[in-house]
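User: I'd like to learn how to read the contacts and cores of a protein model. Could you walk me through one?

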Amino acid sequence: MISSSPRCDQTVAWAALSGHYQAHGADLDLRTLFAEDPRRVESLTFEAPEVVVDMSRVHWDVATRRHLLDLAHECRLAERRDALLRGELVNGSEGRAVLHTALRAPRGQAPFSDEVHAVLDQMLAFADEVKASAGGPNPGDIHDVVNIGIGGSDLGPQMVVMALEAFANPRLRCHFVSNIDGQDLAGVLRQVDPKHTLFVVASKTFTTQETMVNARTARQWFLDQGGTDIARHFVATTSNVEGAAAFGITRTFGFWDWVGGRFSLWSAIGLPIALALGSQHFRALLDGAHAMDQHFASAPSEANLPLWLGLMDVWYRNFKGYTSRCVAPYHHGLRRLPAYLQQLVMESNGKGVDRHGQPLTYATSEVVWGEPGVNGQHAFFQMLHQGTDVIPVEFILFKGLPLRDAGQLSPAVQAMLHRQHQMLLANGLAQAQALMWGKTTEQAAHEVAPTASKEVPPEIIARHRTFPGNRPSLTMVIDALTPRSLGALIALHEHRVLVSGALWGINSFDQWGVELGKAMSNDLLPRLDSGDVSGLDPATAAMIARLRGA
Ligand code: F6P
């Protein structure tokens with residue numbers, strides 16, 4: 001049993017953090033912190049499996065970190081983590097355990113191991129079977145996989161398949177359809193041949209409107225195109241096996257209610273990943289995540305990377321007052337990582353009551369957003385450098401760049417691409433440097449030629465070219481984006497969310513906030529047809545009239 005722990009705002013450490021913030025924390029300046037401590041980088045670089053994180057440019061000092069550790073201790077964070085890993089019912093509002101870590105544990109090393117490995121073996125055997133004839137000429141040989149799912153049944157698999165393109169089977173294309181907007185599905189159907197397409201209907205509940213509607217339309221399209229063998233061309237990944245059977249799908253890969261949607265890419269929901277990459281790479285993804293699980297479970301507090309990331313998140317949100325963080329992966333393959341993290345972080349920790357249903361008096365989830373470097377630099381980095389808000393940035397850099405089919409490129413092109421990778425890294429490093437150091441008006445003035453403009457005095461131009469600096473960031477470094485390192489990176493973010501959620505005393509595993517709109521949309525659908533707006537608020541009624549052209 002988890003013993004009850006005090007709410008973070010009722011601890012001595014919370015009061016100490018408030019005092020510390022008033023006394024020094026509000027004015028921490030990275031440049032001073034570096035000047036005062038020549039060992040800052042060394043002492044704030046954390047090594048976890050596959051991932052090294054430099055947190056020296058985080059807005060904190062020794063005292064901040066000591067109070068944060070005290071907070072973790074007082075909130076009995078280690079106990080909460082261990083209870084979760086043991087499979088206790090930590091998702092109170094739904095009466096469930098939270099055991100996505102069991103999905104990546106080696107045989108016999110976690111709860112439900114027999115069930116987990118039975119489905120995993122089955123699913124990977126199926127993936128390898130599809131792979132054996134992928135791209136072949138015979139009807140039933142699969143060329144295209146279409147995953148139909150939304151939220152956790154889309155974002156995780158899609159992000160991973162995109163990220164690991166260099167490891168993917170070139171004879172199998174993967175498509176992801178999530179939006180109820182028919183353009184999404186229609187766009188994919190235009191590209192595929194029913195004889196060579198495998199539809200994966202991915203839904204934990206098998207009731208999600210968007211997914212069910214898309215799946216029904218896909219099935220109709222398949223039949224209209226002369227497709228007959230639904231059993232071969234449609235599979236389901238779900239915890240609702242009866243629902244899938246009622247839909248007419250006989251091949252189902254199941255999972256369990258203790259796997260939350262946003263934590264489900266390690267389960268049968270990962271089938272598109274296994275199809276795209278093959279069983280060996282899927283197992284490597286699981287291994288990487290498991291290595292991070294072990295680190296989280298057993299590394300001492302001082303060296304526990306997910307712990308420090310979660311503590312930083314609480315410090316930033318509740319004391320420094322930062323409302324968002326920007327994720328900037330310097331790897332084109334990770335272009336869906338920010339979207340994936342949005343669900344992971346904001347659906348988990350965007351809560352307004354504590355575990356006991358008491359309203360919170362402090363802020364919870366930050367907004368997570370971002371774009372891959374360097375594209376973001378040419379869009380919103382202006383605001384990060386000179387805007388009025390301070391937004392911490394998280395750079396993710398990779399030493400190497402495994403390219404798909406690199407051997408087919410000439411040595412000259414390979415060398416040029418290698419150079420581009422170095423340029424990518426130089427850009428990421430420079431952004432972190434510029435954010436921290438900034439540029440004074442005096443420095444800027446030296447750059448402005450006295451004759452720069454007849455109308456605008458040089459000192460005004462210099463002020464526009466001034467950067468305040470002291471903008472915080474952290475940098476994650478990974479050798480190369482591989483199945484194993486990606487598994488570790490994702491698990492790191494999952495655990496970080498558990499840490500901040502546990503400190504905030506909230507249930508990070510339910511998502512009641514998405515239900516109200518779902519129910520209302522069911523009420524509005526027939527009204528869009530009939531035009532009946534009785535009992536609706538004036539804004540919605542007027543909008544229905546406008547959309548119906550009345
Ligand atoms: O509406 C939110 C949500 O429940 C997510 O938590 C979940 O990942 C998504 O919908 C899809 O749910 P399902 O896998 O049951 O279709």
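Analyst: Happy to! Contact here means heavy atoms within 4.5 Å. This is a predicted model, in which local features need pLDDT of at least 70 and side-chain atom pairs count only at pLDDT 80 or more, while totals for chains, interfaces and linings use all residues. Residues are numbered from 1 along each chain as its sequence is written, and side-chain values use heavy atoms, with hydrogens and water left out.

User: Is leucine 285 buried or exposed?

Analyst: Buried means under 20% relative accessible area, exposed over 50%, and partly exposed in between (1.4 Å probe, protein chains only). Leucine 285 has 0% relative accessibility, so it counts as buried. Its place is in helix α13 (residues 279–298); helices are DSSP runs of H or I, at least four residues, and strands are runs of E, at least two, numbered from the N terminus.

User: Which residues touch the most other members of the largest nonpolar core?

Analyst: In general, nonpolar side chains tend to be buried together in soluble globular proteins. A nonpolar core is a set of buried Ala, Val, Leu, Ile, Met, Phe, Trp, Tyr and Cys residues joined through side-chain atoms within 4.5 Å. Here the largest one has 114 residues, and Met55, Leu275 and Leu486 touch the most other members. Helix α20 (residues 483–504) gives the most to this core, with twelve residues. Domain 1 (9–74 + 299–437 + 472–505) and domain 2 (100–283) both contribute residues, so the core lies between them. Those domain bounds come from an automatic or database assignment. Apart from this core lies another, of 21 residues, among them Val192 and Met212.

User: What does leucine 486 touch?

Analyst: Among its contacts are Met159, Val160, Leu285 and Leu334, again not counting residues up to four places away in sequence.
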